[in-house]
Amino acid sequence: MSVSTSSPENGPGKNGIAVVRVDFPPVNALPVDGWYALADAVRVAGRDPQVRCVVLTAAGRGFNAGVDIKEIQAKGQGALVGANRGCYEAFAAVYECAVPVVAAVQGFCLGGGIGLVGNADVIVASEDAVFGLPELDRGALGAATHLARLVPQHLMRALYYTSGTVSAAELHRHGSVWRVVPREELHTAALELAREIATKDGELVRLAKAAINGIDPVDVRRSYRFEQGFTYEASTLGVADRVRDGFGKEGVR
């Protein structure tokens, strides 16, 4: 289980691209430490003056399955607070990365995965990619902030209330996914875009990222933090535990 950073060619940053890869088998449901490790990796990559684009990718069947619910069930409130803080830092690291972040998404992108891709600059997805927030089925709330960056407002609400998913092709039609490609072409497609971005002047692309973030109509950090307060409220009321205790059991969603 790891978060690693590499470059397609000639060592980290040498071609202007840093690839941050998440690998937490079996489904990339990240524990608390994993979220912090991801945040650190993205921030470090963005601070490297040789890097002009970061590609965020993941190993295995799916891009991200959110938080490690079993860790929260085993460790209680401390793990819940840790997961909240870790997600907050990881999502913010992607959004605030000094250079553009390209998310390469395959398979499932759920829960915390939406927080990551919703804060990325560009998304490239495989044909089998699906996106959703199953939070209401998992005893949690959050990341509506980021889903609202991917789909129109009323679709976001429908997906949130039903724990439904949307395909990469549908997101492409909404304009939030740049390209949809066969899974075997995903890495190549993401790198092609990253290389195009990396041809730009490094100083200017950093200014461009700061400028675009500066005109964003929603303060994503404040908005997501507001949502997290309701996650904690659900926990203190016992609602979250009631829902989580049924998670994965036959006949219980």
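Which elements cover the buried residues of α9? The structure is a predicted model, in which local features need pLDDT of at least 70 and side-chain atom pairs count only at pLDDT 80 or more, while totals for chains, interfaces and linings use all residues. Residues are numbered from 1 along each chain as its sequence is written, and side-chain values use heavy atoms, with hydrogens and water left out.

The cover over the buried residues of α9 includes α3 (77-96), β4 (101-105) and α8 (186-198). Covering is judged by contact, meaning heavy atoms within 4.5 Å. Helices (H or I, at least four residues) and strands (E, at least two) are DSSP runs, numbered from the N terminus.

Helix α9 itself comprises 13 residues, 202-214, and spans 19 Å from its first C-alpha to its last, close to the 18 Å expected at 1.5 Å a residue. That expected span is 1.5 Å times one less than the number of residues in the helix. Gly 202, Val 205 and Lys 209 are buried in α9. They lie on the same side of α9 because they cover an arc of only 60° around the axis, the arc being that of the directions from the helix axis to the C-beta atoms. An α-helix has 3.6 residues a turn, so residues three or four places apart point the same way. The face of α9 turned away from the buried side carries the exposed residues Glu 203, Leu 204, Leu 207 and Gly 214. Buried here means under 20% relative accessible area, exposed over 50%, and partly exposed in between (1.4 Å probe, protein chains only).

The interior may be considered next. A nonpolar core is a set of buried Ala, Val, Leu, Ile, Met, Phe, Trp, Tyr and Cys residues joined through side-chain atoms within 4.5 Å. The largest such core has 50 residues, of which Leu 38, Val 54, Leu 56, Val 105, Leu 116, Val 117 and Phe 131 touch the most other members. Leaving aside neighbours within four places in sequence, the contacts of Leu 56 include Val 20, Leu 38, Phe 63, Val 94 and Leu 116. A second, separate core of 18 residues includes Val 19, Val 122, Ala 189 and Ala 194.

The structure holds zero disulfides, a disulfide being a pair of cysteine sulfur atoms within 2.5 Å. For Cys 87, the nearest cysteine sulfur is that of Cys 109, 12 Å away. Cys 87 counts as buried because its relative accessibility is 4%.

Ser 163 lies in the loop between α6 (153-162) and β8 (165-167), and Asp 137 in the loop between β7 (130-132) and α5 (144-147). Their side chains are joined by a polar contact of 3.3 Å. Ser 163 is buried at 12% relative accessibility, and Asp 137 is buried at 15%.

A further loop, between α7 (168-174) and β9 (179-181), holds Ser 176. Ser 176 is buried, with a relative accessible area of 16%. The side chain of Ser 176 reaches the backbone oxygen of Leu 150 at 2.8 Å.

Definitions and conventions
Polar contact = N/O pair within 3.5 Å; in protein donor to acceptor, adjacent residues only side chain to side chain.
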